[in-house]
Amino acid sequence: MSKLIAALCCLMLAGAPLALAQDKAKSDEKKSAKAAEKSSKKEPSEKQKAQQARMKDCSKQAGDKKMKGDERKTFMSACLKDDDGKASPKQQAQQERMKSCNKEAASKKLKGDERKQFMSACLKS
């Protein structure tokens, strides 16, 4: 009986490196698949590149002025608006929708996950 147990233990130990090698091979496959996926992403459009450059510039300015919290949010919002200093009509409509949904959520006294779900549904409609 003890020889049988010893033989089983030997078999299990002999199979462990094989199982580890298979796990390593699977993780290598996943890594190569992720790398291929990243390389196949499309390049951002010119408009997206311009927006990214504007965000980078505005963020640098806010950092230089050592802005934090609400002050930084306000500055970033103003900085990122169109060149004439006004939000686009689409942005204005989104802001109005946010305000009305926010008021409605406050009047219903929603909090936490309930509020998140309500706001998500409200903003989609």
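A disulfide is taken here as a pair of cysteine sulfur atoms within 2.5 Å. In general terms, such a link is a covalent bond between the sulfur atoms of two cysteines. The structure is a predicted model, in which local features need pLDDT of at least 70, side-chain atom pairs count only at pLDDT 80 or more, and totals for chains, interfaces and linings use all residues. Residues are numbered from 1 along each chain as its sequence is written, and side-chain values use heavy atoms, with hydrogens and water left out.

With that criterion in hand, a search of the whole structure returns two disulfides. One of them joins cysteine 58 to cysteine 79, with an S to S distance of 1.8 Å. The torsion about this S-S bond is about -80°, so the disulfide of cysteine 58 and cysteine 79 is left-handed. Helix α2 (residues 46-64) holds cysteine 58 and helix α3 (residues 69-80) holds cysteine 79, so the pair ties together parts that are 21 residues apart in sequence.

Cysteine 101 belongs to helix α4 and cysteine 122 to helix α5, so parts that are 21 residues apart in sequence are tied together by the pair. Cysteine 101 is buried, its relative accessible area being 1%, and cysteine 122 likewise counts as buried at 15%. When the bonded cysteines of the protein chain are numbered in sequence order, the pairing reads 1-2, 3-4.

The axes of α4 (residues 89-107) and α5 (residues 112-124) come within 10 Å and cross at roughly 145°. Here the axes are lines fitted to C-alpha atoms over the stretch in contact, and angles run from 0 to 180 degrees between N-to-C directions. The crossing of α4 and α5 is right-handed, a term that applies if the near helix is turned clockwise from the far one by less than a right angle. With contact meaning heavy atoms within 4.5 Å, Gln94, Arg97, Met98, Cys101, Asn102, Glu104, Ala105 and Ala106 in α4 meet Arg115, Phe118, Met119, Cys122 and Leu123 in α5. These residues divide into eight nonpolar, two polar and three charged. In this count Ala, Val, Leu, Ile, Met, Phe, Trp, Tyr, Cys and Pro are nonpolar, Asp, Glu, Lys and Arg are charged, and the others, Gly among them, are polar.

Turning to charged pairs, four salt bridges are found in the whole structure, each a side-chain nitrogen of Lys or Arg within 4 Å of a carboxyl oxygen of Asp or Glu. Among them, glutamate 46 and lysine 49 meet at 3.9 Å, N to O. Both lie in helix α2, three residues apart, about one turn of the helix. Glutamate 46 is exposed at 61%, while lysine 49 is partly exposed at 37%. In helix α4, glutamate 96 and lysine 99 are also three residues apart, about one turn of the helix, and their closest N and O atoms are 4.0 Å apart. Another salt bridge links lysine 108 with glutamate 104 at 3.5 Å between the closest N and O atoms. Lysine 108 is partly exposed at 47%, and glutamate 104 is partly exposed at 35%.

Terms used
Helices (H or I, at least four residues) and strands (E, at least two) are DSSP runs, numbered from the N terminus. Buried means under 20% relative accessible area, exposed over 50%, partly exposed in between (1.4 Å probe, protein chains only).
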